[in-house]
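Thanks for making the time this morning. I would like to walk you through one structure, going residue by residue in a few places and stepping back in others, so please have the picture in view as I talk.

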Amino acid sequence: MYGLVVLRYRLPLEEVEKAPEEHRAYLRGLKSKGILVAAGPFVPRTGGALLVRVPDDNVQQALTAVRDGDPFYTRGVANYELIVWKPVIGQESLDTL
């Protein structure tokens, strides 16, 4: 199963730019564990999104854990929307990533 994690910045961009390294280190950790498929900011830079791979059981719990571990969440930098996503076209390609 997959999930989309949508981040919307709560702080001005000048404040967001003071703390990206902890957030990116966290994302690199998710990538090394096979959880994160892709991540990046929106254009214009109002937030960003994560595409994550999560177990089929307890999907919401897994998405919540991704959010709760993110320094952008714990420091109040961004609001998070957690969306369970089941692709029907292209899932085979995603599964190989």
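Let me start in helix α2, with L27, which is found in that helix. Before I say anything else, please keep in mind that what we are looking at is a predicted model. L27 is buried, because its relative accessible area is 9% and the cut-off for calling a residue buried is under 20%. If we set aside the neighbours within four places in sequence, L27 is in contact with L36, A39 and L50. To give you a sense of distance, L27 and E92 are 65 residues apart along the chain, and their C-alpha atoms are separated by 23 Å.

Staying in helix α2, we come to H23, which also has its place there. Is H23 buried or exposed? At 9% relative accessibility, H23 counts as buried. Its side chain is joined to the side chain of D70 by a polar contact of 2.8 Å. Beyond the neighbours within four places in sequence, the residues in contact with H23 are L7, D70, P71 and F72.

Both of these residues come up again when we turn to the largest pocket. As a general point, rolling a probe the size of a water molecule over the atoms shows where empty space is left. In this model, the largest pocket holds about 200 Å³ of space. It is lined by 15 residues, and those closest to its centre are Y9, H23, L27, G40 and P41. As for where the lining comes from, at least two of its residues are supplied by each of β1, α2, β2, which spans residues 36-41, and β3.

Next, helix α3, which covers residues 59-69 and contains R67. Which residues of α3 are buried? They are V59, A62, L63, V66 and R67. These residues lie on the same side of α3, because they cover an arc of only 140° around the axis. The elements that cover them include β1 (2-9), α2 (20-32), β3 (47-53), α4 (71-74) and β4 (78-85).

R67 deserves a moment of its own. Its relative accessible area is 19%, and the limit for buried is under 20%, so R67 is classed as buried. The side chain of R67 makes a polar contact with the side chain of D68, at 2.8 Å. With the neighbours within four places in sequence left out, R67 is in contact with Y73, Y80 and L82.

Now consider another arginine, R53, which lies in strand β3. R53 has a relative accessibility of 22%, and therefore counts as partly exposed, the class that lies between under 20% and over 50%. What does R53 touch, once the neighbours within four places in sequence are set aside? The answer is M1, Y2, G34, I35, V37, L94, D95 and L97. The side chains of R53 and Y2 are joined by a polar contact of 3.4 Å, and the side chain of R53 reaches the backbone oxygen of L97 at 3.0 Å. R53 can also be placed relative to L30: the two are 23 residues apart in sequence, and from C-alpha to C-alpha they are 9.9 Å apart in space.

Let me turn to the backbone. Most residues other than glycine have a negative phi, and most peptide bonds are trans. With that in mind, V43 and P44 are joined by a cis peptide bond, with omega at about 5°, and P44 has its place in the loop between β2 and β3. N58, found in the loop between β3 and α3, has a positive phi of about 60° although it is not a glycine.

Finally, let us look at T96, which is found in the segment after α5, the element at residues 91-95. T96 has a relative accessible area of 66%, and it is exposed because the cut-off for that class is over 50%. T96 and E17 are 79 residues apart in sequence, and their C-alpha atoms are 33 Å apart in space. I will stop there and take your questions.

Note on methods:
Residues are numbered from 1 along each chain as its sequence is written. This is a predicted model: local features need pLDDT of at least 70, side-chain atom pairs count only at pLDDT 80 or more; totals for chains, interfaces and linings use all residues. Side-chain values use heavy atoms; hydrogens and water are left out. Helices (H or I, at least four residues) and strands (E, at least two) are DSSP runs, numbered from the N terminus. Buried means under 20% relative accessible area, exposed over 50%, partly exposed in between (1.4 Å probe, protein chains only). A polar contact is a pair of N or O atoms within 3.5 Å; within protein, one must be able to donate a hydrogen and the other to accept it, and residues adjacent in sequence count only if both atoms are side-chain atoms. Contact means heavy atoms within 4.5 Å. The arc is that of the directions from the helix axis to the C-beta atoms. On a 1 Å grid over the protein atoms alone, a cavity is a set of points where a 1.4 Å probe fits but cannot get out, and a pocket is an open set with protein on both sides within 12 Å along at least five of seven lines; lining residues have an atom within 4 Å of a point. Grid points are joined across faces, edges and corners, and a volume is the space filled by probe spheres set on the points.
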